[in-house]
Amino acid sequence: MSYDNPPGGYGGPPGGEGNPPGGYGNPPGGYGGPPGGEGNPPGGYGNPPGGYGNPPGGYGGPPGDYGNPPGGYGNPPGGYGPPPGNYGPGGYGPGGYGNAPAANYANWLQRVGGYIIDLIPAIILEFIGVATHNSAVYFLCVIIAIAIVGYNRWFLAGKTGQSWGKKALGLTLVGEATGQPIGAGMAFVRDICHFVDSIICYIGWLFPLWDSKRQTLADKIMKTVVVPVA
């Protein structure tokens, strides 16, 4: 009896156990790789389902093309570039107030008419004094005439802006800068300054014919103007 090899072929396991039954060299069902080819996840997870590489609906740019807001807000609606009403240079608002209209000054004829009315009482008194051929009466008439002129042209015109003549023609004497009556003292000095109008052949009295503010030289010296009553 020879025991070199066990009975029944014990050199290897019975039933050919050199390799496990059912082929255990590799796991059953092909476990070398995951079942169903799990090298890549089921359903192809290399890229998310539904193509998540780019969001659905094309979210690369905002929906509705928001590069420019809807309605074209790049420029405001209605053309708000320059404001309406011509507010540019030379026009500060509707109506073009940049250039104010020139003031309405009294014209030369109106001024002459007012001056004549103011002098009528003095002329009448002087005529009476001369007609009497009496020095005392003449002197008295001159004093009364000066008093009337002083009250009318200096006090009234200085305080209210209107002598009798100016009031009759709807005019008023005011300061060029203030637009207010100039006072009795300034009205008196203004009448004295009329000497300048007379000394140059009375040309100063004609200045209102061409002067832009209708001023005599006395007005320019005293900075006064004669304007219609508003």
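Why is strand 1 (residues 171-175) largely enclosed by the rest of the structure? Five of its five residues are buried, so strand 1 is largely enclosed; buried means under 20% relative accessible area, exposed over 50%, and partly exposed in between, with a 1.4 Å probe and protein chains only. The model is a predicted one: local features need pLDDT of at least 70 and side-chain atom pairs count only at pLDDT 80 or more, whereas totals for chains, interfaces and linings use all residues. Residues are numbered from 1 along each chain as its sequence is written, and side-chain values use heavy atoms, with hydrogens and water left out.

**The whole chain**

Begin with a cartoon of the protein chain, which holds six helices and two strands. These elements are DSSP runs numbered from the N terminus (helices: H or I, at least four residues; strands: E, at least two). Their order along the sequence is α-α-α-β-α-α-α-β. Of the 230 residues in the protein chain, 21% are buried. A surface display corresponds to an accessible area of about 15800 Å², with 65% belonging to carbon and sulfur atoms; such areas come from the Shrake-Rupley method with a 1.4 Å probe, and for residues only the protein chains shown count as cover. Contact means heavy atoms within 4.5 Å. Among contacts between residues at least 6 apart in sequence, 57% join residues at least 24 apart.

**The two strands**

Next, select residues 171-175 and 224-228. Strand 1 and strand 2 run antiparallel and are joined by five bridges; two strands pair if DSSP finds at least two bridges between them. Leucine 173 stands opposite valine 226 of strand 2. In a regular strand the side chains alternate between the two faces of the sheet. Here both faces of strand 1 are covered, with Leu171, Leu173 and Gly175 buried on one side and Thr172 and Val174 buried on the other.

**The nonpolar cores**

Which residues make up the largest nonpolar core? Select Ala106, Leu171, Leu173, Ile182, Ala187 and Val226, the six residues of that core. A nonpolar core is a set of buried Ala, Val, Leu, Ile, Met, Phe, Trp, Tyr and Cys residues joined through side-chain atoms within 4.5 Å. Centre the view on isoleucine 182: leaving aside residues up to four places away in sequence, Ile182 touches Gly158, Leu173, Val174, Gly175, Ala187, Arg190 and Thr224. A second, separate core has five residues, among them Ala122, Leu125, Ala145 and Val149.

**Salt bridges**

Side chains of opposite charge can pair when their charged atoms come close. A salt bridge is a side-chain nitrogen of Lys or Arg within 4 Å of a carboxyl oxygen of Asp or Glu, and by this rule there are six.

Select arginine 153 and aspartate 118, which form a salt bridge whose closest N and O atoms are 2.9 Å apart. The two lie 35 residues apart, arginine 153 in helix 2 (residues 135-160) and aspartate 118 in helix 1 (residues 108-132). Arginine 153 counts as buried because its relative accessibility is 7%, and aspartate 191 does so at 18%.

Now select arginine 190 and aspartate 219, whose side chains meet in a salt bridge (2.8 Å, N to O). Arginine 190 belongs to helix 4 and aspartate 219 to helix 6 (residues 217-222), 29 residues apart. Both arginine 190 and aspartate 219 are buried.

**Serine 163**

Is serine 163 buried or exposed? Serine 163 counts as buried because its relative accessibility is 1%. Serine 163 is found in the loop between helix 2 and helix 3 (164-168). Its contacts, not counting residues up to four places away in sequence, are Asp118, Asn152, Arg153 and Ala157.

**Final selections**

Select phenylalanine 127 in helix 1. Phenylalanine 127 is exposed because its relative accessible area is 61%. Its C-alpha atom is separated by 8.8 Å from that of cysteine 141, 14 residues apart along the chain.

Cysteine 193 counts as buried at 13% relative accessibility, whereas cysteine 201 is exposed at 66%. The structure holds zero disulfides, a disulfide being a pair of cysteine sulfur atoms within 2.5 Å.
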